[in-house]
Amino acid sequence: MTPERRSPDAPDHAMLRAGLTPAQAKAIATLEQFGWRLRFVRRPLFRDPVPVLFDQAEARWIVVEGDGTLDETPDFEIRT
């Protein structure tokens, strides 16, 4: 079994935003005004980072692509 790597502490917002594209940062700032929260960022090798945001009820989640577009049906699952 793989050891748990998720931190129970609140994420450091500056560290989460480090390395995001300008388009991603702008889209996230807009979404946060509507109650979405940046929860974590996947960082695949040789690709743009993949920020994941959750709505206020934490019932829905979305991904912000490198060009700032939103993906409501990404091709990966999130463990709960």
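User: How many residues lie between β2 and β3 in their hairpin, and which residue in the turn has a positive phi?

Analyst: Start with the terms. Strands are DSSP runs of E, at least two residues long, and helices are runs of H or I, at least four long; both are numbered from the N terminus. Two strands pair if DSSP finds at least two bridges between them. Now the case: the β2-β3 hairpin has six residues between its strands, and E58 in the turn has a positive phi of about 55 degrees. This is a predicted model: local features need pLDDT of at least 70, side-chain atom pairs count only at 80 or more, and totals for chains, interfaces and linings use all residues. Residues are numbered from 1 along each chain as its sequence is written, and side-chain values use heavy atoms, without hydrogens and water.

User: In which sense do β2 and β3 pair, and over how many bridges?

Analyst: Antiparallel, over three bridges; β2 covers residues 50-54. V52 faces V63 of β3 across the pairing.

User: What does β3 do with β4?

Analyst: The two strands pair in the antiparallel sense, over two bridges. Here V63 stands opposite D71 in β4. The β3-β4 hairpin has five residues between its strands, and its turn holds G68, with a positive phi of about 95 degrees.

User: Where is F46 found, and is F46 buried or exposed?

Analyst: F46 lies in the loop between β1 (37-42) and β2. Its phi is near 60 degrees, a positive value in a residue other than glycine. For accessibility, the scale is relative accessible area with a 1.4 Å probe, on protein chains only: under 20% is buried, over 50% is exposed, in between is partly exposed. F46 is at 84%, so F46 counts as exposed. E58, in the loop between β2 and β3, is at 40% and counts as partly exposed. Across the 80 residues of the chain, 31% are buried.

User: How many aromatic pairs does the structure hold?

Analyst: First the idea. An aromatic pair is described by the distance of the ring centres and the angle of the planes. Rings of Phe, Tyr and Trp (its six-membered ring) pair if the centres lie within 6.5 Å; planes under 30 degrees apart are stacked, over 60 edge-to-face, and the rest tilted. This structure holds one pair. W61 and F76 form it, tilted, at 5.4 Å centre to centre and 40 degrees between the planes. The pair links distant parts of the chain: W61 is in β3 (61-64), F76 is in the segment after β4 (70-71), and they are 15 residues apart. W61 is partly exposed at 21%, while F76 is buried at 15%.

User: Which residue lies over the face of F76?

Analyst: A charge sits over a ring if NZ of Lys or CZ of Arg is within 6 Å of the ring centre and within 35 degrees of the ring normal. R42 lies over F76, 4.1 Å from the ring centre. Likewise, R39 has its charged end over the ring of F54, 4.0 Å from the centre.
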